[in-house]
Amino acid sequence: REFMLGGDLLVAPRLTEKVGPYEVKLPSGVWYDFWSGVPVGSGTTFKVDPALDQTPVYVRAGAIIPMQAVTKTVDETPSGPLQLHVYPGPDCRGSLYTDDGNTFAYTKGEFLRMSFTCDAQPGAVRVVTSAVQGTYKPWWKSVAITVFGANMQPRAISSGGRPVADWKFDATAHTVTLTVPASTSGSEVSIQY
């Protein structure tokens, strides 16, 4: 019943009209529940019973998922920052491509492409954003980074070597969230536990 959406997301929809629990089997490795951010295990089979309007989605540890506010058409400009959901793990990476969505201007270099990596060591997580490729001007002015799997409050957070004072630790969700200015030349955020 499950299927992969790219290499990082596993979707496990309810495929029958029956109400009640059904089994989900995750591949080996650590996976997170996309909706709650809670780690759910490695290579395990378990039962889920979502509401009829919900679809279970799981994220591979090592994924970096860029997100934006919901829009109805490509002509709308999303509001708020670009969001990066970081799930530290092996081979931690993600990427983003965007253009105007309406024209062939991307063939003349009017696109934006960037990649993200993270390195998780005992007591530290480092998130690196590459320099932007292409000439398309993004809508975001800042990047909101949420790092999942944080088991304790950080003792220090820095961006580009400068201390970041405005961050939030959520002990229930095990997340650290901070917002940094967008940069076309790349950036690095370091979280020390």
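Student: How many aromatic pairs are there?

Tutor: The model is a predicted one, and in it the count comes to seven aromatic pairs. One of them joins F34 and W35, whose ring centres are 4.8 Å apart with the planes at 85°, so this pair is edge-to-face.

Student: Why does 85° make it edge-to-face?

Tutor: The label follows because planes over 60 degrees apart count as edge-to-face, and the angle between the rings of F34 and W35 is 85°.

Student: And are F34 and W35 buried or exposed?

Tutor: The two residues part ways here, since F34 has 18% relative accessibility and counts as buried, whereas W35 is exposed with a relative accessible area of 59%.

Student: What about Y97 and F111, how are those rings arranged?

Tutor: Y97 and F111 form a stacked pair, with 5.8 Å from centre to centre and 25° between the planes. Y97 belongs to strand β10, residues 93-98, while F111 sits in the loop between β10 and β11 (112-121), so the pair ties together parts that lie 14 residues apart in sequence.

Student: How open is each of them, Y97 and F111?

Tutor: Y97 is partly exposed, at a relative accessible area of 39%, and F111 is buried, at 17%.

Student: Which residues make up a ring cluster?

Tutor: Y32, Y87 and F148 are linked into a cluster by ring pairs.

Student: F148 is in which strand, and how covered is that strand?

Tutor: F148 is in β13, a mostly covered strand in which seven of its seven residues are buried. Both of its faces are covered, with S142, A144, T146 and F148 buried on one side and V143, I145 and V147 buried on the other.

Student: Why do the residues split into two sets like that?

Tutor: The reason is that in a regular strand the side chains alternate between the two faces of the sheet.

Student: Which strands does β13 join up with?

Tutor: There are five bridges between β9 and β13, which run parallel, and Q83 stands opposite A144 in β13. Towards β17 there are seven bridges, and there β13 and β17 run antiparallel. F148 turns up again at this point, as its bridge partner in β17 is T175.

Student: Switching to the open sheet, what is the order of its strands?

Tutor: Six strands form that open sheet, and they follow the order β10-β11-β12-β18-β14-β15 with antiparallel pairing. The edge strands are β10 and β15 (162-163), each of which pairs on one side only.

Student: How many bridges hold β14 and β18 together?

Tutor: Strand β14, residues 156-159, and strand β18, residues 187-192, pair over four bridges in the antiparallel sense. Within these strands, I157 stands opposite I191 in β18.

Student: Now pockets. What is the volume of the largest pocket, and which residues lie nearest its centre?

Tutor: The largest pocket has a volume of about 340 Å³. Its lining has 20 residues, and Q68, P78, T98, D99 and W139 are those that lie nearest the centre. The elements giving two or more residues to this lining are β8 (64-67) and β10, and β10 supplies the largest share, three residues.

Student: What kinds of residues line the largest pocket, by class?

Tutor: The lining of the largest pocket has ten nonpolar, six polar and four charged residues.

Student: And the second largest pocket, what lines it?

Tutor: The second largest pocket holds about 220 Å³ of space and is lined by 17 residues, with V125, G149, A150, N151 and Y193 nearest its centre. Two or more residues of that lining come from each of β4 (30-33), β11, β12 (124-129) and β13 (142-148). By class, the lining of the second largest pocket divides into 13 nonpolar, four polar and no charged residues.

Student: Last topic, the backbone: what is the phi of D91, and where is that residue?

Tutor: Phi of D91 is near 50°, which is a positive value in a residue other than glycine. D91 is found in the loop between β9 (82-86) and β10, and this residue is exposed, with a relative accessible area of 51%.

Student: What about H174, where does that one lie?

Tutor: H174 lies in the loop between β16 (167-170) and β17 (175-181). Although H174 is not a glycine, its phi is positive at about 55°, and the residue is partly exposed, with a relative accessible area of 29%.

Technical notes. Residues numbered from 1 in each chain as written. Predicted model: local features only at pLDDT ≥ 70, side-chain atom pairs only at ≥ 80, totals over all residues. Heavy atoms only, no water. Phe/Tyr/Trp six-rings, centres within 6.5 Å; stacked < 30°, edge-to-face > 60°. Buried < 20%, exposed > 50% of the residue type's maximum accessible area, 1.4 Å probe, protein only. Pairing = 2+ DSSP bridges. 1 Å grid on protein atoms, 1.4 Å probe; cavity = no way out; pocket = protein on both sides within 12 Å on 5 of 7 lines; lining within 4 Å. Points joined across faces, edges and corners; volume = space filled by probe spheres on them. Nonpolar A, V, L, I, M, F, W, Y, C, P; charged D, E, K, R; others polar.
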